[in-house]
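Me: Can you walk me through this one? Keep it short, please.

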Amino acid sequence: MHTHLPTTPFGRRSMSLGLMASQVTAQAVTPDVVVHKWKVFQHIREAREAIGATDRALAILSALLSFHQETTMCADGDLVVFPSNAQLSDRANGMSPATLRRHIAILVHCGLVIRRDSPN
């Protein structure tokens, strides 16, 4: 008997039901909702333990938010940021690449970040 583990297109990371559910939830957001990114970040910091995020993962989330040009975010806007690991490490106080990848994975697991794999 063979089992098949679905993977993402380029990164070959395994896809879990939780990961797919967070992507569906992100796509179902009402388009006219506008939020202030730093207020949302403050709420995430307050709920850190409940959602399973670490303090270093939140440092990375803060760095990712700093790459988003606007102070407000809305579902119909462009919420994609694409910093290099080196740029992200610089804004996360010089975090090592392995630690950076590990804590990005925690953000993905918590449903706070969705990775978009690309061939580049």
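Reply: Here is a quick tour in questions and answers.

Me: What kind of model is it, and how are residues numbered?
Reply: This is a predicted model, with residues numbered from 1 along each chain as its sequence is written. Local features need pLDDT of at least 70, side-chain atom pairs count only at pLDDT 80 or more, totals for chains, interfaces and linings use all residues, and side-chain values use heavy atoms, with hydrogens and water left out.

Me: What's the mean pLDDT of the chain?
Reply: The mean is 79, and 72% of the residues reach 70 or more. pLDDT is the predictor's confidence in each residue, from 0 to 100.

Me: Which elements have the lowest and highest mean?
Reply: Helix 1 (residues 17–27) has the lowest, 63. Helix 2 (residues 37–46) has the highest, 94. Helices are DSSP runs of H or I, at least four residues, and strands are runs of E, at least two, numbered from the N terminus.

Me: New topic. How do helix 4 and helix 6 cross?
Reply: The axes of helix 4 (residues 55–67) and helix 6 (residues 97–110) come within 9 Å and cross at roughly 85 degrees. So helix 4 is roughly perpendicular to helix 6. Under 35 degrees counts as roughly parallel, over 145 as roughly antiparallel, 65 to 115 as roughly perpendicular, and the rest as oblique. Axes are lines fitted to C-alpha atoms, for helices over the stretch in contact, and angles run from 0 to 180 degrees between N-to-C directions.

Me: Which residues meet there?
Reply: Arg56, Ala57, Ile60, Leu61 and Leu64 in helix 4 meet Thr99, Leu100, His103, Ile104, Ile106 and Leu107 in helix 6. Contact means heavy atoms within 4.5 Å.

Me: Is His103 buried or exposed?
Reply: His103 counts as buried, at 7% relative accessibility. Buried means under 20% relative accessible area, exposed over 50%, partly exposed in between (1.4 Å probe, protein chains only). Beyond its neighbours within four places in sequence, His103 is in contact with Thr54, Arg56, Ala57, Ile60 and Met95.

Me: What about the largest nonpolar core?
Reply: It has 21 residues, and Ile60, Leu61, Leu88 and Leu107 touch the most other members. Helix 4 gives the most to this core, with 8 residues. A nonpolar core is a set of buried Ala, Val, Leu, Ile, Met, Phe, Trp, Tyr and Cys residues joined through side-chain atoms within 4.5 Å.

Me: Last one. Where is Thr30?
Reply: Thr30 lies in the loop between helix 1 and strand 1 (34–36). Thr30 is partly exposed, at 43%.
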